[in-house]
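Here is my notebook from an afternoon with one structure. I looked things up one at a time and wrote each down as I went.

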Amino acid sequence: MYKDLKIYHGSQQIVEIPLFGVGKEYNDYGQGFYCTENIELAREWACPIKNDGYANKYSLHLDGLNVMHLTRGKFNILNWLAVLLAHRKFDITSAVGSNARDFITDRFMPDTQNVDIMIGYRADDSYFSFAEDFVNNTISLRDLNLAMQLGTLGEQVVLISEKSFGRIEFTGYETVDYREYYFKRTLRDRSAREAYAARKKSLQQLKDDIFILDIMREDMTPDDPRLQSVISR
């Protein structure tokens, strides 16, 4: 049985009643209401421009809801990537990329048909570029897995189903000062990019590194031990 979850939504607006069926379809996990359990991340997301924003606060009643956690249990970074590929627009820059997109979504896409709540990484600008590099065969699976942990990315909690929108309760908000959090948001992204660039500069390919081209050539499945040995590190 799930407990209630305290979540936050950073916005330029006060959102007392989140509405089902609105929002962009090409967000990370499609159309939904995007939140976080981390109040600091919500404060940063509230200030994408140099204007004060709002960290909206909610209690989410999870009992009876189908929650898919893309970074735990039977799911892994490739399942997360498949969901991302199904919704976000990727810049495919290699000959491998187009085939890789189709292969990943076909082979690693989890069944999301009856999911109410989805939890997983948030693909901010820097982190989205890491995913693009992997799809374009520029970096290995090991390095994608490590890159997603740079800069304390955190996770997002996304309300997907109409049922889930009936289980969220507004509990208040706070005003967020852009003079602090606009720059924190920018610094988080820059720090992740710099850490990633430094890692790529000193990158030493290991014998057991696996690239997307290897995964396709070997026709690897989600339970392939070669994938599991890399992802579980």
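**Entry 1: a pair of facing residues.** I began with H9, which stands opposite N56 in strand β3. One step along, I found Y8 opposite K57, again in β3.

**Entry 2: what I am looking at.** I reminded myself that this is a predicted model, where local features need pLDDT of at least 70 and side-chain atom pairs count only at pLDDT 80 or more, while totals for chains, interfaces and linings use all residues. Residues are numbered from 1 along each chain as its sequence is written, and side-chain values use heavy atoms, with hydrogens and water left out.

**Entry 3: the sheet.** Which strands pair with β3? Two strands pair if DSSP finds at least two bridges between them. I noted seven bridges between β1 (residues 5-11) and β3, which run antiparallel. On β7 (residues 168-176), I noted eight bridges to β3, also in the antiparallel sense.

**Entry 4: is β3 mostly covered or mostly open?** I checked residues 53-60 and found that six of the eight residues of β3 are buried. Buried means under 20% relative accessible area, exposed over 50%, and partly exposed in between (1.4 Å probe, protein chains only).

**Entry 5: cysteines.** How many disulfides are there? A disulfide is a pair of cysteine sulfur atoms within 2.5 Å, and by this rule I count zero. C35 is in no disulfide, with the nearest cysteine sulfur, that of C47, 16 Å away.

**Entry 6: aromatic rings.** My search of the whole structure gave ten aromatic pairs. Rings of Phe, Tyr and Trp (its six-membered ring) pair if their centres lie within 6.5 Å; planes under 30 degrees apart count as stacked, over 60 as edge-to-face and the rest as tilted. One of the pairs is F20 with F165, edge-to-face at 5.5 Å centre to centre and 70° between the planes. F20 lies in the loop between β1 and β2 (33-35) and F165 in helix α6 (residues 162-165), 145 residues apart. F20 is partly exposed at 42%, whereas F165 is buried at 11%. Another edge-to-face pair is W80 and Y121, 5.8 Å centre to centre with 90° between the planes. W80 is in helix α2 (residues 77-87) and Y121 in strand β5 (residues 117-121), 41 residues apart. Both W80 and Y121 are buried. I also found one aromatic cluster made of F20, F33, Y58, F165 and F170.

**Entry 7: charges over rings.** A charge sits over a ring if NZ of Lys or CZ of Arg is within 6 Å of the ring centre and within 35 degrees of the ring normal. R88 lies over the face of F128, 4.0 Å from the ring centre. The charged end of R122 sits over the ring of W45, 4.2 Å from its centre.

Terms used
Helix = DSSP H or I, 4+ residues; strand = E, 2+ residues; numbered from the N terminus.
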